[in-house]
Amino acid sequence: VDNINKQQEEETAKYQGAEDNSPLIEFKGVTKRFGDTCVMDEMDLKMKAGDRLVIIGPSGSGKSTLLRVLMGLEKIDKGEIFFGSNPYITVDRKGRTRTDMSVRSKIGMVFQHYTLFPHLSVMSNLTLSPVKVRGMARSEAEDRAREYLARLGMEDKLYSYPGKLSGGQKQRVAIARALMLEPKLMLFDEVTSALDPEMVAEIEKVMLDLAKQKMAMMIVTHDMYFAKKIATESVFIAGGKVIEKCDPEIMFNEPKQERTRDFLDKVL
Ligand code: ADP
Ligand code: MG
């Protein structure tokens with residue numbers, strides 16, 4: 001029992017600094033267009049360090065784009081994004097997006113569709129980026145890979161190839177791969193949408209375990225029951241704007257905005 005408590009303490013400590021009330025992420029007037037489509041219209045959005053922010057909104061409302069912007073995968077047209085008190089993504093005078101790569105490396109993302117390298121073993125998928133990009137010693141990366149896979153109940157799949165894994169196992173590896181880089185923030189974009197129902201629960205459990213360890217997360221999901229369970233904050237976006245941001249209890253039980261109510265009536 002002592003051992004378990006100690007382990008939990010260590011795990012909690014792992015993501016600390018993550019518990020105060022200061023903003024971890026702040027979007028200030030962020031505009032993002034694809035041609036004539038304005039996906040983010042001078043959007044403001046704040047997330048505190050200890051939060052698990054669930055993002056809901058109609059299909060095409062820009063949920064994936066928001067996460068991809070935060071991951072440095074999409075440029076923005078206007079505005080700025082802060083990470084803590086540091087400018088993270090900005091637009092220079094010539095309209096070019098500037099990204100602070102040292103901040104970028106503190107954010108991990110898991111996508112709806114499995115993004116493992118099919119020609120690499122699970123071990124190589126996990127160690128590639130820590131070794132090649134971070135310059136971590138291979139032996140350390142391999143130790144860490146074993147540790148994370150064990151934590152996700154997949155230690156026996158270290159040398160399997162992605163093609164031999166179930167969808168749920170692939171997503172667990174994708175989560176482990178993101179965790180290998182010790183992110184301060186994890187982004188999840190509909191990570192259970194492509195899974196068979198029996199595999200959804202296993203991925204949700206992994207995410208709930210991360211929540212217990214105080215990992216800051218932004219989560220896009222269609223599963224409103226899971227959203228309610230994991231969220232400390234929730235936001236409804238539509239038309240490029242934040243329509244409502246509130247406690248999940250309020251969002252899912254008595255949302256203030258009519259557009260939020262209409263949306264939730266359709267999906268709940
Ligand atoms: P959601 O994840 O909420 O369904 P998305 O962020 O995927 O929404 O898309 C928001 C809008 O931006 C949609 O109208 C979509 O067609 C458009 N869009 C997304 N990515 C691109 C792209 N790479 N090029 C052009 N349009 C895009
Ligand atoms: Mg999407």
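Which elements each supply at least two residues of the shell around ligand 1? I opened the predicted model with that in mind. The two are β2, covering 37–48, and α2, covering 63–70.

**Entry: ligand 1**

I then listed the residues around ligand 1. Phe34, Thr37 and Val39 are among them. I sorted the shell by class. I got 8 polar residues, 2 nonpolar and 1 charged.

**Entry: Arg146**

I moved on to Arg146. This residue sits in helix α5, which runs over residues 138–151. Is Arg146 buried, exposed or partly exposed? I found 14 other C-beta atoms within 10 Å, so Arg146 is partly exposed. The cut-offs are 20 or more for buried and 12 or fewer for exposed, so a count of 14 falls in between.

I also checked contacts, leaving aside neighbours within four places in sequence. Arg146 then touches Glu155 and Leu158. For Asp156 I noted the distance to Arg146. The two are 10 residues apart in sequence, and their C-alpha atoms are 9.4 Å apart in space.

**Entry: annotated span**

Last, I looked up the record. UniProt, in an unreviewed entry, places "domain: ABC transporter" at residues 25–264. I took the end C-alpha atoms of residues 25–264 and got 26 Å between them. By secondary structure, the span is 36% helix and 28% strand.

Technical notes: Residues numbered from 1 in each chain as written. Chains lettered and ligands numbered in written order. Predicted model: local features only at pLDDT ≥ 70, side-chain atom pairs only at ≥ 80, totals over all residues. Near = placed C-beta within 6 Å. Helix = DSSP H or I, 4+ residues; strand = E, 2+ residues; numbered from the N terminus. Nonpolar A, V, L, I, M, F, W, Y, C, P; charged D, E, K, R; others polar. Contact = placed C-beta atoms within 7 Å. UniProt positions renumbered as here; feature names shortened; annotations may be inferred.
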